[in-house]
Amino acid sequence: MTGTLFELTFAVAAPFWALMILLPHWSWTARIIRSPLIVAPALLIYAILVIPALGDVLPAVASPTLDGVRDLLGTATGAAAAWAHMIAFDLFVGRWAWLDSRERGVPALVMAPVLVLTILLGPLGLAAYLAARVRWPQPAAIPAAEPQRIG
């Protein structure tokens with residue numbers, strides 16, 4: 001079962017990456033990607049893997065040592081859980097970058113390689129986006145209307 005969950009993890013995230021990279025201007029892409037629930041399938045896989053192994057996981061993460069984390073990740077369950085963890089967080093970061101880039105008007109051709117880098121090497125993709133986004137300042141916030149009094 002662990003192998004199946006490992007293989008399923010990227011499969012449940014891939015459609016969302018495809019929407020952001022290949023169909024960034026499709027109206028349904030924005031509707032779908034706005035929901036933080038797009039990471040829920042990967043989170044569910046993570047929970048299925050980690051909850052039964054909490055007895056091994058908690059000591060390794062509550063008081064981490066290099067040897068303890070290495071031993072945990074050296075198991076099939078540990079590696080599959082780490083993969084689900086990375087996929088969920090990378091997708092959440094990619095979602096944030098994509099949404100932020102839409103607000104700033106960052107071209108889709110700039111975002112496509114950034115998102116691919118985020119898929120492959122998560123933190124480096126985040127760093128690339130943070131470096132790129134300075135060229136596109138955030139639009140000025142629209143002031144909220146003053147509340148109307150009733151009475």
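**Salt bridges in the predicted model**

Arg104 and Asp100 are both part of helix 6 (residues 76-104), where they stand four residues apart, about one turn of the helix; helices here are DSSP runs of H or I with at least four residues, numbered from the N terminus. The model is predicted, so local features need pLDDT of at least 70 and side-chain atom pairs count only at pLDDT 80 or more, while totals for chains, interfaces and linings use all residues. Residues are numbered from 1 along each chain as its sequence is written, and side-chain values use heavy atoms, with hydrogens and water left out.

A salt bridge was assigned where a side-chain nitrogen of Lys or Arg lies within 4 Å of a carboxyl oxygen of Asp or Glu. By this rule, four salt bridges were counted.

One of them links Arg104 to Asp100, with 2.7 Å between the closest N and O atoms. Arg104 is buried at 14% relative accessibility, and Asp100 is buried at 7% relative accessible area (buried, under 20% relative accessible area; exposed, over 50%; partly exposed, in between; 1.4 Å probe, protein chains only).

Asp100 also forms a salt bridge with Arg133, the closest N and O atoms being 3.0 Å apart. Because Asp100 lies in helix 6 and Arg133 in the segment after helix 7 (108-132), this pair ties together parts that are 33 residues apart in sequence. Arg133 is buried, with a relative accessible area of 19%.

Within it, the side chains of Arg70 and Asp71 meet at 3.4 Å, N to O. Asp71 is partly exposed, its relative accessible area being 46%.

Definitions and conventions
Helix = DSSP H or I, 4+ residues; strand = E, 2+ residues; numbered from the N terminus.
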